[in-house]
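Okay, everyone, thanks for coming. Let me put the model up on the screen, and then I'll walk you through it.

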2 protein chains.
Amino acid sequence: MTTQFIPPEWAFEFHGHHCPFMPIGYRMGKLAMEKLELNEREKDHGFFVFPELGEGHPQTCMMDGIQVATGATYGKVLMAKTFYGKLAVTFYHPKKGAVRYSLKNEFVDEMGKHEFFAYRKRGVEPSGIPAEVTNDLIQWVYNQPDDAIYKIEPKPDFTYTPVKGSFNKTKCSICGEYVFDRYLRMKDGQPVCIPCSGYEKTVKIER
Amino acid sequence: MTTQFIPPEWAFEFHGHHCPFMPIGYRMGKLAMEKLELNEREKDHGFFVFPELGEGHPQTCMMDGIQVATGATYGKVLMAKTFYGKLAVTFYHPKKGAVRYSLKNEFVDEMGKHEFFAYRKRGVEPSGIPAEVTNDLIQWVYNQPDDAIYKIEPKPDFTYTPVKGSFNKTKCSICGEYVFDRYLRMKDGQPVCIPCSGYEKTVKIER
């Protein structure tokens, strides 16, 4: 594997521990950018990533590697989980199109035999697993060719338009705090924030 | 302001551009950790952050600074927006309790007068704003005392239990891809993934 797919040291510092999934996501992000002919990380707000991951399962750490590789960060509202519980990610750039990368079943099966997962299944957190066990797995992943790990699907029909942005905000008539207008609700004829409204708390997910 | 609240250089690299909000979030995260007596960034999965931000409005960049400061990253499923459209964040550690930090209205008003926002409101992306304009605002923020920026509320009753994790996964009977069991649906008597099921796509938000 070429070194361009090895995360920089600060990526491990950002992530907080050593594990195989942050680097798997980093490499996936770099490969997807290459596939879409994107030459640099996203500086602003123009590249969107939809991981099909959820909660309550392992391997979500991929998303931190993807944030680092692509610049499509959660803070810039460029990354949003679909809550499908799948090891797949769609990358979309309005000028370049979309591609979906997923982890091949065979790769997941093979990786799962590693001692690292015996620790994880006993409830040992990644930072508590002996470094040689973790590093051995990370190195094993580095040694796999790209096409042993990733399934690639072009997504020619995929499209996404972010919601129209606005700077307008209004104070909640109950708590007095600023609320961006999109999220204001009306109660007894006055604008209020969602917590003060007592209204429902579900959101539509992206796709 | 003490230098401990100035983000490391790699935080700007991670974020992708210079703006005032990443540093505002970084400082908020560091202050919240101090308040909760947390001495180090979260390595694994034990510190939870609920930003009350949403989409389609500015200032979400705070969340990247918070990820960097706290280690409560999106990839480790430790950060989840509430979609309230508010400039506030609740930090929760099971052994330390919870605290909510929000930006004071007066600070937001004062900051909004800066030339940086004239560019943003004309649609100029942060990376396209002259560096001296951006750096002037970042420096202005650094110069504000903590209590001019942040409102702090203890949240003694706040509690959160992450969903129980499981490594169990099953192949979707239609597409053949692995799905973590929590996300499988049944269709015609067979387990399928959500996209293959055609079923609804909303999720309950955290609080």
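Glu13(A) is partly exposed, at a relative accessible area of 44%; partly exposed here is the range between buried, under 20%, and exposed, over 50%, with a 1.4 Å probe and protein chains only. This residue sits in helix 1 of chain A, residues 9–15. Helices are DSSP runs of H or I with at least four residues, strands are runs of E with at least two, and both are numbered from the N terminus.

Before I go on, the ground rules. This is a predicted model, where local features need pLDDT of at least 70 and side-chain atom pairs count only at 80 or more, while totals for chains, interfaces and linings use all residues. Residues are numbered from 1 along each chain as its sequence is written, chains are lettered from A and ligands numbered from 1 in the order written, and side-chain values use heavy atoms, leaving out hydrogens and water.

Back to Glu13(A). What does Glu13(A) contact, leaving aside neighbours within four places in sequence? Trp10(B) and Arg41(B), where contact means heavy atoms within 4.5 Å. As for Gly128(A), 115 residues apart from Glu13(A) along the chain, the two C-alpha atoms are separated by 16 Å.

Now chain A as a whole. There are 8 helices and 9 strands, and 55% of the 207 residues are buried. Of the contacts with a separation of 6 or more, 64% are between residues 24 or more positions apart.

On to the sheet. In chain A, 4 strands make an open, antiparallel sheet in the order 1-2-3-4; two strands pair if DSSP finds at least two bridges between them. Strands 1 and 4 (150–154) are at the edges with a single partner strand each, so one side of each has no neighbour in the sheet. Neighbouring strands are turned by 20 degrees on average, direction ignored. Helix 3 (residues 62–70) of chain A packs on this sheet, touching strands 1, 2 and 3, and its direction makes about 20 degrees with that of strand 2. Axes are lines fitted to C-alpha atoms, for helices over the stretch in contact, and angles run from 0 to 180 degrees between N-to-C directions.

Look at strand 1 of chain A. Phe48(A) and Phe50(A) on one side, and Val49(A) and Pro51(A) on the other, are all buried. Strand 1 pairs with strand 2 (residues 88–93) over 4 bridges, and Val49(A) has Phe91(A) as its bridge partner.

Strand 1 turns up again in the largest pocket. Strands 1 (48–51) and 9 (202–204) of chain A, and strands 1 and 9 of chain B, each supply at least two residues of its lining. A pocket, on a 1 Å grid over the protein atoms alone, is an open set of points where a 1.4 Å probe fits, with protein on both sides within 12 Å along at least five of seven lines; lining residues have an atom within 4 Å of a point. Which residues lie nearest the centre of the largest pocket? Phe83(A), Val203(A), Ile205(A), Phe83(B) and Val203(B), out of 41 lining residues.
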